Amino acid sequence: MRINVLGTLECWAGDRRIHLGGPVPERVLVSLLLEAGQVLSVSRLVEAVWEETPPATATHQVRKAVARLRQLIPGGAGLIVTDGPGYRAVVAAGCLDLGDFSASLDQAREATAERRLDDALTHLQSALALRRGPVLAGSGGAVIRSADVALQERHLAALEQMIDLRLARGESSTLIGDLREHVAAHPLREVLRGQLMLALYRSGRQAEAIEEYGRVRTLLADELGIDPGAHLAELYGRMLRNAPDLAAPEPVAAAEPGPAAGHGPRDRAPVCTLPYDLADFTGRRRELEALCHYADNTVGRGTRIIGIDGMGGAGKTSLAVRACYQLADRFPDGQLYIDLGGYATNEHPLTAQAVAEALLRMLGVPTDHLADDVGARAALWRTTVTGRKLLVLLDNAADLAQVRPLLPSSPGCMVLITSRTRLIDLDGAYWLSVGTMTAEDGAALADSVLSKQRTSAEPQAVAALIELCGHLPLAMRIALSRLANRPRWSIGYLVDRMSDESRRLDELRSGDRGVELTLKMSYEGLAPAQRAAFRLLGLHPGRDIDVHSAAAVLGTAPDEAETMLEVLLDMQMMQQHELGYYTFHDLVRSFVHQLDRLDDTGPRSGETRAALRRLFDYLGRVTDRVCDILFPGRAHLPFEAPESTSVLPPLPDPEAARAWLVREHATLQAAIMLAHARGLDGHVAHLARNVVFQLDASGQFAEFLEMTKLAVDSSRRLGHRPLLRISLSNLAVVHWKLGRFEESIAAASEALELAGELGDQRGFAKDTGMLGLLMCTIGRFEEALALLERSVALKRDLGAGRAEAESLVNLSTLYEQWGRYPEAADAARRAVMLNRELGIREHEMIALTDLSLACLGLGADEEASEHLAGARVLAEESASAGDVAMVFALSALTCQRLGHPEPAVRFAERALDLGDTYRTPVRQAVINNLLGGLHRTRQEHATALALHESAYSISADIGYRVEEARALHGMGLAHAALGDPAAGDEHLRRAEALFATLGVPTRPRD
């Protein structure tokens, strides 16, 4: 099989050309082949196939095209493999013209490095002959055209290199015709212009050469408004001076050059200037294996370049030094080390000229051989190491300009570069990113530094120390060194000292080294705009920062914020563990928080407050949008945030809105606490009101309580009575859910009073209903009935269907507990109807649950079973574990009453599997009594007794009177069945007395 992509797509099986059947499979195949070996997601392939908006069936068409390609191409299943979220092309050597093109360029590069210039010329000509035009003849769409631009650049670079070799061989006049064609095709390509000028000059056509310079100067001025580059201008000047070195070169021997005269004998003893290798070096096994594997498998392929990047303190130098010692035997001519000073405090990084001088001195080159010009000195360095097998470690590089001139051309050499930033423009380099230590490696380092005996006595403290050090090797070494020098300190003592974030970096300082100093050097290496962005992003309260919230903090558009985040990521000042989200390393976060504390009282305090306001405004707007999607019909908050230009994330449907809310819930809670601490009270109440919807739905009642308390406090400080009313109303809800009925009644009563004073009819209706529910729960049924009926009527008059349905469910609950089952069923049916009309499926599930309870009270078990079947379908979409557990507990009891024991067991197990973590005490008491009744009907009285006892304990503790009575009744029946009639009679007597007080019939649900 043979596939050609460098021009019109051709796929050959022997002598037979395979027709792939249309642009979709062709573009899919070409996209995969252009990035052979890389996984391309389906969405990436969709982007490559359709230039503009893809059709709705785009994903399906891509998958269909892959299937077709696998069928048409011999061995297609092996050519296009499924890999994770996408597909990957696996191409054998010699089967793809693009692969041959790259291989020929590699061979040319090796031959050039070894001074085999004739071979290099042959390989370049072979590579250039493969390109037959633009990929897919230019019809491949924007993505493929972009890849083709890169290929064209490689083709032109190879062409220019080939012409250089031919010029070096003495060719001139024979090149002029081809060069004129190339210049016509690429008129702005200055290298080609210079080559044409040189060919003309050497052919005795000096005037034409100078005229050619005039033409390109005019063209560049007209097209781009610039002058020719320095190289072309210098060539022009040398032509005007008739510089002798412009003459055609004499043929040179192909022998490999030796070292320059006077540079020292080739058989001198090998030089090693590496720093010492750490005796207790720990971990990094995978990284060391990767480095050694690369070194062993790239012999003879030109100069080997390895880059190691990572944040300050990650142990890049230690790893590189350890690797150098392991690789030393492969490089018998020496191992050289130099610190480039890229991030040294109060010092400028070394220039390439200074580094070249230092390296040459290491090799014994006399001072009088060193030219002042950086180019000449770098050339001397490359000449000196030609033919040698040297390992060079360039540590702590700041940028590419420091290292590029120092790269030797000898294939026997290898260069290791460490840098806090990845030098992405360093072509041909193999890069390895160094992260933090694993917990296992951290523990091993602690054992090595402190002794196994000391660490085994405090294993939990060791684990905590590793976490507080952020798994950063530098921090670990400083902390462990302090402990080693203070044998009376326990590990736990240092952990306690470091637990205060404000002093953590102070604890990680020893002599002239420290984590804060390392981070400060990285910080000062940023440009002013980057430092400002770094400080402002440190204000973000979340662990993870998405592009849109970052844009709000920075006051920019999302694409500009993403660019800045990527720069900070490249500079190792941020990390990325999940696509689209950025985070600070724990110790970097401590460092940036120190900067924040300085800014908060310094000249940048206004900038800090403005950034926080932008963030909170953004979060308020996006949570408004999310809640409008997920909780339609809710009342709008009487607080308007200032107009904001921040861009909201795309939230096309409820699934996307729910995913955003779940993903950001921790950030939102942290934002509320930060806004409260900063005195931004309006934002606290606004955000808290939105956040508690999700906290309520997911059963996170402790967090719900914390947020509402902050909202109430901020509303009081702000003096904003409408905000206070809503906040108190939410506080009443969460107190009720936690079984704190007195606090709930107090909050609901104050909210109701405020609603009346403000003329807030909707709030008045809601708080009236809340008080009605509370009266029902504590057994004051008459008061509850009046309040709930009034709430229902008010909400109906207001057209608040969602709120009316909620009060109808509470009214149904009241009637069911009171034993008035027909009225309970009527109220529940109205609630079901309203929720269905509004499309509120989760509330429909709750209404169906109450309706089934009423049906059971009426003896309509079959109807109850039908309603519960519908509720179970809706339960699959519910986020409330307590409400879902209620559905399955009631389903289990109903099945048992209908004589279906097997599904009853399954439903009961499902109810128990949901656990009680997110259930309210009120709901837990009901569920336990239901399941207790189920087990009594199954004659499993011991289990039933335990469940009823649990229900009694919960109900008595919170004052849930009716379930307390039902629990006593169940306990009495269970005791009697277990052979303890005295205990049974006592519990039944107490139950009947409590039922009588409540005016409730004693008939149990089972």
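1. A salt bridge, as the term is used in this note, is a side-chain nitrogen of Lys or Arg within 4 Å of a carboxyl oxygen of Asp or Glu. By that criterion Arg180, Arg193, Arg205, Glu208, Glu211, Glu212 and Arg215 are joined in one network of salt bridges. The model is a predicted one, and every value below is computed from it.

2. Overall dimensions. The protein chain has a radius of gyration of 38 Å, whereas a compact globule of 1006 residues would have one near 30 Å. The C-alpha trace spans about 120 × 75 × 60 Å along its principal axes. The secondary structure of the protein chain comprises 46 helices and 17 strands.

3. Packing and surface. Of the 1006 residues in the protein chain, 53% are buried. Among contacts with a separation of 6 or more, 67% are between residues 24 or more positions apart.

4. Side chains of opposite charge can pair when their charged atoms come close. How many salt bridges does the structure hold? The count is 53.

5. Arg422 and Asp309. These two side chains form a salt bridge, with an N to O distance of 3.3 Å. The pair links distant parts of the chain, 113 residues apart: Asp309 belongs to strand β8 (residues 304-309), and Arg422 to the loop between β11 (414-419) and β12 (430-433). Asp309 has a relative accessible area of 3%, so it is buried, the cut-off being under 20%. Arg422 counts as partly exposed because its relative accessibility is 33%.

6. Arg966 and Glu816. Here the salt bridge has an N to O distance of 3.5 Å. This pair also links distant parts of the chain, with Arg966 in helix α45 (residues 961-977) and Glu816 in helix α37 (residues 801-818), 150 residues apart. Are Arg966 and Glu816 buried or exposed? Both are buried.

7. Asp447 and Lys452. The closest N and O atoms of this salt bridge are 3.5 Å apart. Lys452 is exposed because its relative accessible area is 55%, while Asp447, at 24%, is partly exposed.

8. Glu10. This residue lies in strand β2 (residues 10-13). Its relative accessibility is 18%, so Glu10 counts as buried. Which residues does Glu10 touch, not counting those up to four places away in sequence? They are Arg2, Ile3, Asn4, Arg17 and Arg132.

9. Glu47. Helix α2 (residues 42-49) contains Glu47. With 45% relative accessibility, Glu47 counts as partly exposed. The C-alpha atoms of Glu47 and Ala58 are 9.3 Å apart in space, and the two residues are 11 residues apart in sequence.

10. Ala688. Helix α31 (residues 681-697) holds Ala688, which counts as buried because its relative accessibility is 1%. Leaving aside neighbours within four places in sequence, Ala688 is in contact with Ile672, Met707 and Ala711. Ser727 is 39 residues from Ala688 along the chain, and their C-alpha atoms are separated by 8.3 Å.

11. His935. The position of His935 is in helix α43 (residues 921-937). Its relative accessibility of 15% is why His935 counts as buried. Apart from neighbours within four places in sequence, the contacts of His935 are with Glu940, His941, Thr943, Ala944 and Leu947.

Technical notes. Residues are numbered from 1 along each chain as its sequence is written. This is a predicted model: local features need pLDDT of at least 70, side-chain atom pairs count only at pLDDT 80 or more; totals for chains, interfaces and linings use all residues. Side-chain values use heavy atoms; hydrogens and water are left out. Helices (H or I, at least four residues) and strands (E, at least two) are DSSP runs, numbered from the N terminus. The radius of gyration is taken over C-alpha atoms; the globule rule is 2.2 Å times the number of residues to the power 0.38. Buried means under 20% relative accessible area, exposed over 50%, partly exposed in between (1.4 Å probe, protein chains only). Contact means heavy atoms within 4.5 Å.
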